[in-house]
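This report walks through one chain, from single contacts to overall form. Please have the sequence and the model open side by side.

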Amino acid sequence: MIGVLSVGALIAALTGDGWRDMLSWVGLAVPIVTVGWAMRARRT
């Protein structure tokens with residue numbers, strides 16, 4: 001799921017400007033946020 005979202009975000013980043021840039025930033029931030037959440041959940 002995260003991989004598919006990341007690939008979609010990369011395609012959006014490479015194919016356009018404007019709202020596609022915003023979509024790519026959000027899509028590429030999801031794996032980073034997910035790793036941070038998992039690290040925090042594992043410590044508690």
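## S24 and its contacts

Neighbours within four places in sequence aside, S24 touches A9 and A13; contact here means heavy atoms within 4.5 Å. S24 belongs to helix α2. Helices are DSSP runs of H or I with at least four residues, strands are runs of E with at least two, and both are numbered from the N terminus. S24 counts as buried because its relative accessibility is 6%. Buried means under 20% relative accessible area, exposed over 50%, and partly exposed in between, with a 1.4 Å probe and protein chains only.

## Basis of the model

The model is predicted: local features need pLDDT of at least 70, side-chain atom pairs count only at pLDDT 80 or more, and totals for chains, interfaces and linings use all residues. Residues are numbered from 1 along each chain as its sequence is written, and side-chain values use heavy atoms, with hydrogens and water left out.

S6 sits in helix α1, residues 2–15. The expected span is 1.5 Å times one less than the number of residues.

Which residues of α1 are buried? They are S6, A9 and A12. They cover an arc of only 125 degrees around the axis, so they lie on the same side of α1. The arc is taken from the directions from the helix axis to the C-beta atoms. V4 and L14 are exposed, on the other side of α1. The buried residues of α1 pack against α2.

S6 has a relative accessibility of 15%, and therefore counts as buried. Beyond its neighbours within four places in sequence, S6 contacts G27, L28 and P31.

## Helix α2 and its kink

Helix α2 covers residues 19–43, 25 residues in all. From first to last C-alpha α2 reaches 36 Å, close to the 36 Å expected. Where does α2 kink? The kink lies at V30, shortly before the proline P31, and is about 30 degrees. The bend at a residue is the angle between axes fitted to the seven residues ending there and the seven starting there.

## The chain overall

The chain has two helices and zero strands. Its C-alpha atoms fill a box of roughly 40 × 15 × 10 Å along the principal axes. S6 and T44 are 38 residues apart in sequence and 28 Å apart in space, C-alpha to C-alpha. Of the 44 residues, 14% are buried.
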